Amino acid sequence: MITLTIDGREIKAKDGATILETAREHKIEIPTLCYHEAISSAGACRICSVEVIRGDRSRIAAACVSPVEPGLVVKTNTEVITNLRKVLIELLLARCPKVKAIQDLAHKFKVKKTDFKTEDEDCILCGMCVRVCEQIVGKSAISLVNRGTKREVATPFYEASSACIGCGSCAVVCPTGCIKVEDIGDKRTIKKWKAEFKLQQCKMCGKYFAPEAQLEYLAKALNLPEKEFEICQNCRVILGKISKAEEQKSEQMKKLSLS
Amino acid sequence: MRISTLNDLERIKEKGLKSIFPKKTKITVGMATCGWATGAGKVYQAISGKLKKTKQKAILARTGCLGFCQREPLVEIFVPGKSRVVYKEMTPEKAQQLVADLGNGNLRPEWALCQLSDPLCPENLAPKEVEQIPQYEQLDFYKKQMKIALRNCGFIDPENIKEYIAKGGYFALFRVLSEMKPEQVIAEIKKSGLRGRGGAGFPTGIKWETGRKAAGETKYVICNADEGDPGAYMDRSVLEGDPYSVVEGMTIAAYAIGSNAGYIYVRDEYPLAVETLRKTIAQAKKSGLLGKNIFNSGFDFKIRISRGAGAFVCGEETSLLASVEGRIGEPRQRPPFPAQQGLWGKPTIINNVETLANVPAIITRGADWYAGIGTAKSKGTKVFSMVGKVQNTGLVEVPMGITLREMVFEIGGGVLKRKKFKAVQTGGPSGGCIPESLLHLPVDYEELSKAGSIMGSGGMIVMDEDTCMIDIANYFLSFLEEESCGKCVPCREGIKRMREILTDIIEGKGKMEDIKRLERLATAVAQGSLCALGGTAPNPVLTTLRYFRNEYEAHIKDKKCPARVCKNLINYFIVERKCNGCSLCIQACPQKAIIFKGKKKPVKLDMSKCIKCGTCLDACKRGAIEVR
């Protein structure tokens, strides 16, 4: 454990933790847009910028990627930081004026309008979808391509990716909701990745519940028979309850018969 | 053959001296990229052909860049015991004439740039002073220069290890490996005051010490040769002209921090530098100066070349590491610093080409000597590539502390065509524009940064009265917009928006509040960006706002561009009383916008067709075209 100061409070933190994690643990609020505890942070949106003072040197750093150090003094809420966040929000608002997460952030920081010419994008290029696909799913079906203002998230050569299993993790972590997963009948479509998947029908309730490709991948990755994935989560829970009840019943019977 | 002892070195040194100063006439052509670009290849062939034809027994050799790139192709002719003259602006014809003149002793002083002398030249071969030709040290361009990093550039065959050793090369490494402990090497570099020449100016000794102290068996040394500032080519010249100095510097650095493997990260747009490095590394290996048990000391070191694809951001050290590892060249937040966690997570020190080229010289001549040059906090010399609207362009190595005025007006020879000086831009796209009122500033990390600019890696662009400062700020921003990796919001979106505001001003659509908006945005981009690219990107805007605010106001309030550059804010006029209808402008105009009105009658300009390209202005001999 090490000791540092955040917003005037002396705080004990785990060695190797980030400033953001530590602050949140102690209920100090730092706003974020591209942070998710399940995946590594990139420090892309910079909304979590804080002032970090080490000795007599002060600098501004993104809390999500800055490790705690003994004796650091962190200020999360100064005028400089607020002004910086406001400009960042204006920049994002100009890029994605219709995205709710950014509108909410603007509202919170009292940014009424953006000063810049507006565009109509919905992706802030934080790359969380790319990282979840690589780090959690283990597929890397999408990646960031090009650089600078031409940067975008794309599948290889802008064609349907053979690595994509249609799991939709990208859509789950996306802070702006710009990745849409549509399930109609036995078909799942992720338009952004030009991907279409056949869905598996639950052997019990008949509902289409997950892409076959994803279930196949899971069976392989977890080294389980494909049969394990023939019923949906709901039915599995019900089935679990039934078998548990039956187990209890038979145990009771055993006890009864023994007595 | 393998070089493992001091005796070996001394023996090679003798051989090298014979190669630099042979008993036969020697003709050397400057064949760095600047030479090739101006036709050194053809000059070399012409000389070779003429020598064969006339059956003259002269040696034909090549060398790197002597610095005076504007006067390339340069050809040096050494006649043992007689003369050693460098000729400028050679053409194949002129060069053949020089070969023809070898027999009759005509030295053609009218084509000469200067004559050279070298204390290393054996007395019996030493050239005599020739009248009418200035000495190298007397030229305005070289007078105030002091060459440490460029000490061998243009004086030796870069691919010949013997010539490098003849000039004192590898004696520093021998001393380090035979007499010094790693800690002593670090102490010596710290004492010298050497700071990173890539731009940020971090003390090299402290960087090495951090690398030394970092835990871990495997450590790396990386030479950052990803030079990318527009108009800057110092590192390329060192790699092309004196690659062994960099390799020796790297080997010393590796010994100091305890590393056995290094990389040179060089952009593939420098094919000649890459090729020269390949040969250098192969030769050094063959000579036992890279590889196992160097100088029988038990110290091993190998170097690999990692070629970059030329992204500007890869000069930033964390992006560079990602690129060497084969990942997308994007920066990450520091700490951890590369000296703690670098290449593949191992402690890594990254030094710039010029920094490393200084190292052997510091070891040879001592930290005190080096620390005696320069200012209180900036020691030694710095190489600049002086370009732009200046009389003498080329590579310039000056002692720290020299003033910008001395550089521009003495070494540079002042502004071209006797125009008025406006600003000098240092530090490339991350630097700033310094006005005439600050030309007294010394070349010094802190002083330049106080003025809002940076030392940077050594770009120096001189601008005259015809340069529009808003146009320049916009140019640098457009470069950075293109080169930003796009990872973080302030850099990617912020630079784009700054450009939008500047474009409005340039097009005459600016409002006074735009200046405040620019300042606010620039501050946020500088504060919020992930790496130094974004962190310094607003500098061109901030310094032009600071020193040339009146130009911004003229664009916005009066809708005028004082330098007459911004097309939306200028118009062309025919001055009727001066025009005699000679129709030169009519022939030149690509738009057919000028109408002939009869002999001796002034022409008419059709503004609806005019694209304000300025061709007519250049064509007119009577000053009858005006821009307002």
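The model is predicted, so local features need pLDDT of at least 70 and side-chain atom pairs count only at pLDDT 80 or more, while totals for chains, interfaces and linings use all residues. Residues are numbered from 1 along each chain as its sequence is written, chains are lettered from A and ligands numbered from 1 in the order in which they are written, and side-chain values use heavy atoms, with hydrogens and water left out.

The interface comes first. The size of an interface is often given as the accessible area lost when the parts come together. Here chain A and chain B bury about 2,900 Å². Buried area is the accessible area (1.4 Å probe) that two parts lose on being put together, summed over both. Carbon and sulfur atoms give 51% of that area. A:Arg46, A:Leu91 and A:Arg147 supply 20% of the area that chain A buries against chain B, more than any other three residues.

Eight salt bridges are counted between chain A and chain B; each is a side-chain nitrogen of Lys or Arg within 4 Å of a carboxyl oxygen of Asp or Glu. One of them joins the side chains of A:Arg147 and B:Glu483 at 3.1 Å, N to O. Helices (H or I, at least four residues) and strands (E, at least two) are DSSP runs, numbered from the N terminus. Ala, Val, Leu, Ile, Met, Phe, Trp, Tyr, Cys and Pro count as nonpolar, Asp, Glu, Lys and Arg as charged, and the others, Gly among them, as polar.

Pockets and cavities were located on a 1 Å grid over the protein atoms alone. A cavity is a set of points where a 1.4 Å probe fits but cannot get out; a pocket is an open set with protein on both sides within 12 Å along at least five of seven lines; lining residues have an atom within 4 Å of a point. Grid points are joined across faces, edges and corners, and a volume is the space filled by probe spheres set on the points.

The second largest pocket holds about 990 Å³ of space. Its lining has 33 residues, and the closest to its centre are A:Ser40, A:Arg131, B:Arg327, B:Arg332 and B:Lys487. Helix H4 (128-137) and strand S6 (143-145) of chain A, together with helix H13 (317-324) of chain B, each give two or more residues. H4(A) gives the largest share, four residues. This lining has 14 nonpolar, 11 polar and eight charged residues.

The whole structure has nine cavities of 30 Å³ or more. The largest cavity holds about 100 Å³. Of its 16 lining residues, A:Cys133, A:Ala141, A:Cys164, A:Cys167 and A:Cys170 are the closest to its centre. H4 and helix H5 (169-173) of chain A give two or more residues to the lining. The lining has 12 nonpolar, three polar and one charged residues.

Over all chains, the structure holds 60 salt bridges. Among them, A:Lys14 and A:Glu25 meet at 3.9 Å, N to O.

The peptide bond from B:Glu72 to B:Pro73 is cis, with omega near -10 degrees. The bond from B:Arg334 to B:Pro335 is also cis, with omega near -5 degrees.
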